[in-house]
Protein chains: 2
Amino acid sequence: MTQVTIGGLSTATGVKIETIRYYERAGLISRPSRTSGNYRSYTPDDVARLRFIKRTRDLGFSLEEVRALLDIAAQEDRDCCEIDVLATKHLAEVDRKIADLTALRQQLSAMITSCRGGTVADCQILGAFQQD
Amino acid sequence: MTQVTIGGLSTATGVKIETIRYYERAGLISRPSRTSGNYRSYTPDDVARLRFIKRTRDLGFSLEEVRALLDIAAQEDRDCCEIDVLATKHLAEVDRKIADLTALRQQLSAMITSCRGGTVADCQILGAFQQD
DNA sequence: TATGCACCCTGTAGCAACTACAGACTCAAG
DNA sequence: CTTGAGTCTGTAGTTGCTACAGGGTGCATA
């Protein structure tokens, strides 16, 4: 049998044990069968599912979005465009974050290059924090 | 007198009332004096301090970092380079985040352009989620 | 057989940084 | 005098984990 316990699932997927149990509580993965000693026992399908979850999480999807993706993926004959919609929406969010961070980076670096040393009282950076 | 109540402070700074009270609990701002009716009453200095906090938060500093900045800013005769250090460190973090997001964006957009429609069963995007 | 030791169990509490109530009070205008 | 907006305290919820505490399990080794 290729069943694994939670530690095996953890090393197979790179998801921490505590996090796996959290996903179970959150309903992202179903409650696995148990061994005689009450250890969780996972199938290869469970491994695949958790890999999917890990990968989507790494791509920055929220657990809510992951749930939706899993939901759609479960219905094999459904139209694929719903996934495209989700992914595209997520891409737009990522683009917005990148833009925000880039603007912020710009401000921060301008602040830093304006620093000429001296005491706190006449620090250019602190001035930049306070202006409007 | 130019004292304001919490609502005034909120509109003057763009920080929500609940958040102001949270900052007070967290010790980022000191407990203000109270009116006869037990309303919080803020001075212009309080407004300036909260503006400072808001701006540094908007620049992505954590509350812990904000605390450190406020601490340094309070000692006017101290050397300014500590602030430079903090800001530079923060800039490095921002750069890392931008790099991460950009890599992620790359993957996401590759996935999306690979989609040729059809049913979920042969969806390229879902395949991308599962591979590796 | 005893005894380590690694692994697993449940349940709860904590983290950041807020946000959202509930239920009561205050204050100014009409 | 009432109405409505503003404020008060206190507590619980959010997201996505992470970290215990205090036990049980399973296997190898002395």
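1. Basis. The model is predicted, so local features need pLDDT of at least 70 and side-chain atom pairs count only at pLDDT 80 or more, whereas totals for chains, interfaces and linings use all residues. Residues are numbered from 1 along each chain as its sequence is written, chains are lettered from A and ligands numbered from 1 in the order in which they are written, and side-chain values use heavy atoms, with hydrogens and water left out.

2. Outline of chain A. Chain A has six helices and two strands, in the order α-α-β-β-α-α-α-α from the N terminus. Helices (H or I, at least four residues) and strands (E, at least two) are DSSP runs, numbered from the N terminus. Of its 132 residues, 38% count as buried. Buried means under 20% relative accessible area, exposed over 50%, and partly exposed in between (1.4 Å probe, protein chains only). Among the contacts in chain A with a separation of 6 or more, 47% join residues 24 or more positions apart; contact means heavy atoms within 4.5 Å.

3. L9(A). This residue sits in helix α1 (residues 6-13) of chain A. L9(A) is buried because its relative accessible area is 1%. Apart from neighbours within four places in sequence, L9(A) touches V4(A), I20(A), Y42(A), D46(A), V47(A) and L50(A). One of these, D46(A), is 37 residues away in sequence, with 8.3 Å between the two C-alpha atoms.

4. I17(A). This residue belongs to helix α2 (residues 17-25) of chain A. With 29% relative accessibility, I17(A) counts as partly exposed. Beyond neighbours within four places in sequence, its contacts are I6(A), G7(A) and S10(A). I6(A) is 11 residues from I17(A) in sequence, and their C-alpha atoms are 6.4 Å apart.

5. The loop between the strands. Most residues other than glycine have a negative phi. N38(A) is not a glycine, yet has a positive phi of about 70°. It lies in the loop between β1 (33-34) and β2 (40-41) of chain A and, at 51% relative accessibility, N38(A) counts as exposed. In chain B, N38(B) also has a positive phi, near 70°, and is placed in the loop between β1 (33-34) and β2 of that chain.

6. Helix α1 of chain B. The buried residues of α1 (residues 6-13) of chain B are I6(B), L9(B), S10(B) and T13(B). Seen down the axis of α1(B), these buried residues fall within an arc of 100°, so they line one face of the helix; the arc is that of the directions from the helix axis to the C-beta atoms. An α-helix has 3.6 residues a turn, so residues three or four places apart point the same way. The cover over the buried residues of α1(B) includes α2 (17-26), β2 (40-41) and α3 (44-58) of chain B. Just after the helix, G14(B) has a positive phi of about 80°.

7. α1 against α2 in chain B. α1(B) and α2(B) pack at about 105°, with axes 9 Å apart. Axes are lines fitted to C-alpha atoms, for helices over the stretch in contact, and angles run from 0 to 180 degrees between N-to-C directions. The two helices α1(B) and α2(B) are therefore roughly perpendicular. Angles under 35 degrees count as roughly parallel, over 145 as roughly antiparallel, 65 to 115 as roughly perpendicular and the rest as oblique. I6(B), G7(B), L9(B) and S10(B) of α1(B) make the contact with I17(B), I20(B) and R21(B) of α2(B).

8. α3 against α4 in chain B. The axes of α3(B) and α4(B) cross at roughly 135° and come within 10 Å, and the helices α3(B) and α4(B) are therefore oblique to each other. On the α3(B) side are R49(B), F52(B), I53(B), T56(B) and R57(B), which meet L63(B), V66(B), L69(B) and L70(B) in α4(B).

9. α4 against α5 in chain B. Helices α4 (residues 63-74) and α5 (residues 81-113) of chain B pack at about 160°, with their axes 10 Å apart. That makes α4(B) roughly antiparallel to α5(B). E65(B), A68(B), L69(B) and I72(B) in α4(B) meet E82(B), I83(B), L86(B), H90(B) and E93(B) in α5(B).
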